[in-house]
Amino acid sequence: MSGTDVTRVLVIGGGIAGTAAALGLHKAGYDVTVHEAHPDTAEDIGAFLTLASNGMRALAQLGAADAVTAVGFPLTSLRLLDSDGTELTHAPLGEVAVPGLRYRCLRRGELNAALQQEAARRGIRVCHGARLAGVTDGPHGVAARFADGSTAHADLLVGADGLNSTVRRLLTPGVRPRYAGQRVFYGYTGTAPDADGTGVITFVRGSETTFGQAVSPAGQTYWFARVSTGPLPVGGSAHPSPWREELLPLLRKDSTPAADVVAASQGPVMVTNATELPLGTVWHTGRVLLIGDAAHAASPATGQGASMALEDAVVLAKALRDLPDPQTAFAAYERHRRPRVEHNITVSGGISRGGRNPARPGPVVARPAEPDEALVRQLAWDSPLSAAPPEQP
Ligand SMILES: Cc1cc2nc3c(=O)[nH]c(=O)nc-3n(C[C@H](O)[C@H](O)[C@H](O)COP(=O)(O)OP(=O)(O)OC[C@H]3O[C@@H](n4cnc5c(N)ncnc54)[C@H](O)[C@@H]3O)c2cc1C
């Protein structure tokens, strides 16, 4: 299989990694189709996330920064409080001097919709309601079979189908996501006390929780709390709304605004497990490659999963564009990406597992303010991707 034989690419999953990869592959000249299981873009509408400066840089390389900055709001500084409400630090966040690289807080559904609309605007096909069920990888191409009985054929298949990836299960049946030691609660309120400070993300190192909140320009407080405890019961709880009641006593142990924010939440308090994939997960075989959470899901403590997925998209498109054949491109992609994303799995998992006494001193999350020059070169659309990353000094 040579590079010139490859024209058609199937992307499985129309989330962050998949849609961004489609934008990159289309920009590199490939004929791409995205197959997304959900019937519309409203999946996961409840959750929110922050995109870091590195993720915004990747979006800019895909020409998709404007589409994404049309939704959500920027974050320019990080404030850290301890469990008695004392401010420990208040520092600029990320590459704040460049407006297009500022951290951005947005709802997950908004981000997916913005990326999918940008894909549609460029003429990329995004098929909704297409749940992958099987893959046949052969010498002349790859075939995807969907739950509704339909099939699609291409030269390559990119598995961007998230944490519980079907593509990964078909590639490496033994690999399973594992619990990273924390439950993550989150919600919203328009009536939080003292809800000002737009542009600031406030972290609270509580005695039993790590809490975070950001206030939108419209006065909506987006909050999360990470709690070190056992995983959620399989099949959910019999109690109709237990999460607020589980969380509030933990937050009330501290003299911080966190408990009042949660108490003021309209709508449900949502919760999910922090989950990660083991290091060394196989990423590719034949004509099939995994990206995003399907390849390297990390616990959410560093807040980097979506940004890593956006970086993946740029590097994959450059690898296929610049290297002579898909096998060389997949191998180069892996050499460039694996050290960085596995470092994130390790650091983020370490924060989640070490979170039993979050009040002790030490950084919550490393947030570099200076651009990482090696990453800048790796992502720069106009500079070719090398077959191997340069040795780190
Ligand atoms: C509580 C929580 C908070 C987080 N906060 C942050 C944060 O602040 N910042 C950050 O950067 N990251 C954060 N993350 C991580 C981030 O959400 C993920 O890393 C990111 O969503 C990965 O994108 P993805 O496209 O790989 O996977 P996903 O976003 O999961 O997308 C996968 C897509 O594939 C589709 N799909 C699944 N199976 C199939 C199938 N069989 N056929 C077709 N389609 C399929 C799904 O419907 C979905 O649309 C957080 C994660 C959690 C759990």
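Reader: In which helix is the place of His 336?

Author: Helices (H or I, at least four residues) and strands (E, at least two) are DSSP runs, numbered from the N terminus. His 336 belongs to helix α10, residues 326–353. This is a predicted model, in which local features need pLDDT of at least 70 and side-chain atom pairs count only at pLDDT 80 or more, while totals for chains, interfaces and linings use all residues. Residues are numbered from 1 along each chain as its sequence is written, and side-chain values use heavy atoms, with hydrogens and water left out.

Reader: Is His 336 buried or exposed?

Author: Buried means under 20% relative accessible area, exposed over 50%, and partly exposed in between, with a 1.4 Å probe and protein chains only. His 336 has a relative accessible area of 7%, so it is buried.

Reader: How is Gln 213 to be read, as buried or exposed?

Author: Its relative accessible area is 14%, and therefore Gln 213 is buried. Gln 213 is placed in strand β15, residues 209–215. Not counting residues up to four places away in sequence, Gln 213 touches Val 200, Ile 201, Thr 202, Thr 221, Tyr 222, Trp 223 and Val 261.

Reader: Why does Arg 169 count as partly exposed?

Author: Arg 169 counts as partly exposed because its relative accessibility is 44%. Arg 169 lies in helix α5, residues 166–171. Along the chain, Arg 169 and Thr 198 are 29 residues apart, and their C-alpha atoms are separated by 42 Å.

Reader: What of Ala 294, buried or exposed?

Author: Ala 294 is at 0% relative accessibility, so it counts as buried. Its place is in helix α8, residues 293–296. The residues that Ala 294 touches, apart from those up to four places away in sequence, include Gly 159, Asp 161 and Leu 277. Ala 294 and His 38 are 256 residues apart along the chain, with their C-alpha atoms separated by 17 Å.

Reader: What span should the 12 residues of α1 have?

Author: The expected span of a helix is 1.5 Å times one less than its number of residues. For the 12 residues of α1 this should be 16 Å, and the end C-alpha atoms are 17 Å apart, which agrees. Of these 12 residues, 10 are buried, so α1 is mostly covered. Among the elements that cover its buried residues are β1 (8–12), α4 (108–121) and β12 (156–159). Just after α1, Gly 29 takes a positive phi of about 105 degrees.

Reader: How far apart are the end C-alpha atoms of α4?

Author: They are 20 Å apart, in agreement with the 20 Å that its 14 residues should span. The buried residues of α4 include Gly 109, Leu 111 and Asn 112. Gly 123 follows α4 and has a positive phi, near 85 degrees.

Reader: How many residues of helix α2 are buried?

Author: Seven of the nine residues of α2 (residues 53–61) are buried, and the helix is mostly covered. Gly 63, which follows α2, has a positive phi near 75 degrees.

Reader: Which residues come nearest to the ligand?

Author: A residue is near a molecule or strand if one of its heavy atoms lies within 4 Å of it. There are 30 residues around the ligand, of which Glu 36, Thr 50, Arg 108, Asp 293 and Ala 306 come nearest. A polar backbone atom of Ala 37 is 3.1 Å from a nitrogen atom of the ligand, and one of Gly 303 is 3.3 Å from a ligand nitrogen atom. The largest share of the shell, three residues, comes from α9.

Terms used:
A polar contact is a pair of N or O atoms within 3.5 Å; within protein, one must be able to donate a hydrogen and the other to accept it, and residues adjacent in sequence count only if both atoms are side-chain atoms. Contact means heavy atoms within 4.5 Å.
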